[in-house]
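Hi everyone, thanks for coming.

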Amino acid sequence: MGFPTVYPTGATVYNPSKAWSGYTVYQAGDEGVVLIDMNGREVHLWRGLIGFPAKALPGGYVLGSTGRRDPKFGIQDNVDLVQVDWDGNIVWRYNGYEHIEDPGYEPTWYARQHHDYQREGNPVGYYAPGLEPEVSRGTTLILAHKNVNNPAISDKQLLDDVIIEVDWEGNVTWEWKASDHFDELGFDESARNVLFRDPNTRSFGHLGGGVGDWLHVNSASYVGPNRFYDEGDERFHPDNVIWDAREANIIAITDRRTGSIVWRLGPDYSLPEVKHIGWIIGQHHAHIIPKGLPGEGNLLVFDNGGWGGYGLPNPASPFGQKNAIRDHSRVLEINPVTLEIEWQYTGAEAGFSVPTDSYKFYSPYISSAQRLPNGNTLITEGSNGRLFEVTKDHEIVWEYVSPYTDRRNTNMVYRSYRLPYEWVPQLAKPEEIAIEPIDAAQFRVPGAAPKGSDSVVNVAAALPFVEGAACVATSDEARRRA
């Protein structure tokens with residue numbers, strides 16, 4: 001799919017009567033963590049903070065990181081996980097998981113946090129009525145890395161995913177290591193053979209070293225209170241941890257008491273009980289919808305498509321690595337007991353012809369989905385920097401394209417979250433101005449003629465200006481607005 005060199009950024013659609021209005025927080029390119037309102041106005045910027053992801057807390061606090069390990073020596077390892085106040089002051093920090101001595105750097109304690117974490121009080125890190133995260137106490141669940149050797153998986157060194165829980169003082173009170181549970185992951189013989197030969201080896205810069213990023217877990221959250229546990233299903237104990245592995249096409253629940261995997265979806269989606277779902281590939285942000293929200297207890301996941309998995313070779317995967325491939329994305333809500341799809345958003349629901357145009361809803365990496373209190377879903381189509389809110393009936397009631405770019409000249413957004421206005425007492429509730437969708441077939445930049453016109457008409461200039469509506473903005477302009 002080609003991508004235009006000129007395209008609108010900022011808020012492009014907003015229906016205040018149907019959207020669940022609030023602020024949205026996300027990582028703004030290389031600038032830091034930004035907070036925007038429904039009209040796309042940047043109302044606050046925590047400059048330099050890394051949001052992997054950024055999560056807001058009540059009181060104008062935000063969680064993120066102050067730095068990342070040099071990629072010559074590691075993969076996506078954050079130095080720390082910090083909580084900062086409105087003014088950027090650090091009020092809590094964890095960086096005590098591993099003491100590392102990288103060549104050319106002072107020995108440093110690292111959190112090695114990556115992709116996800118949760119603060120006590122809220123199982124998933126986004127707003128749900130009655131589930132407020134702690135801001136001055138409590139434990140924090142952290143997804144982290146550890147380098148290990150496990151000859152049952154491969155003779156290569158592995159970049160293992162570990163999930164830890166730390167108290168407010170930074171003491172590790174619980175730890176779970178994925179490689180200890182290799183036999184519970186459902187890999188068949190062909191997948192095991194591929195993993196042993198090459199466990200998704202990732203090289204480190206110019207040094208030529210590397211480790212096997214064999215699972216690449218990208219989310220970890222508590223199951224949280226739910227109806228299935230209330231009905232007696234111990235697999236869904238609120239303290240259990242649900243996680244997903246992007247490279248293996250696996251979503252699983254770990255029993256926090258025993259460490260065993262007690263529920264799993266994937267890696268084989270050809271099995272009769274899951275064949276109706278279709279292949280979930282390279283997924284992100286798999287979690288249980290929190291109690292108090294529509295769909296509570298169901299699994300919500302951004303099924304990226306793209307590439308993932310291990311198994312028999314095929315024309316697109318001659319060595320059996322990343323052997324499942326699909327060029328469009330889906331958001332799926334699945335009943336974790338019956339495995340029925342309760343709701344979905346795909347290219348078809350987006351209004352595109354399937355299969356020829358389904359790729360127009362597609363982010364092969366990063367991305368997320370958040371269930372909102374009114375039943376809408378906030379979707380981060382991350383590779384395009386597009387955030388949008390859809391109703392249960394798939395109507396887009398808010399859309400925003402990030403104007404911020406990173407050093408690779410992409411406006412990608414790893415994950416975004418909607419939060420209520422009252423979580424930010426430092427700001428007055430902003431004015432909410434409707435943004436009507438523009439007819440793309442008629443929209444022209446100044447000097448261009450609309451369809452069917454023989455004369456040059458400045459359609460863009462004739463359209464009413466709405467602050468925060470569609471505009472072409474550079475990151476410098478976005479910074480000035482922030």
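So, a quick definition before we start: two strands count as paired if DSSP finds at least two bridges between them, and strands themselves are DSSP runs of E, at least two residues long, numbered from the N terminus. Please keep in mind that this is a predicted model, where local features need pLDDT of at least 70, side-chain atom pairs count only at pLDDT 80 or more, and totals for chains, interfaces and linings use all residues. Residues are numbered from 1 along each chain as its sequence is written, and side-chain values use heavy atoms, with hydrogens and water left out.

Let's zoom in on strand 29 (residues 386-390) and strand 30 (residues 396-401): they run antiparallel, joined by 5 bridges. Arg 386, for instance, stands opposite Val 401 in strand 30.

Now, cavities. A cavity here is a set of points on a 1 Å grid over the protein atoms alone where a 1.4 Å probe fits but cannot get out, and lining residues have an atom within 4 Å of a point. Points are joined across faces, edges and corners, and the volume is the space filled by probe spheres set on them. How many cavities of 30 Å³ or more are there? There are 2.

The largest has a volume of about 60 Å³, and its lining includes Lys 55, Arg 119 and Trp 423. Strand 5 (residues 50-57) gives the most to that lining, with 3 residues.

How values were computed
On a 1 Å grid over the protein atoms alone, a cavity is a set of points where a 1.4 Å probe fits but cannot get out, and a pocket is an open set with protein on both sides within 12 Å along at least five of seven lines; lining residues have an atom within 4 Å of a point. Helices (H or I, at least four residues) and strands (E, at least two) are DSSP runs, numbered from the N terminus.
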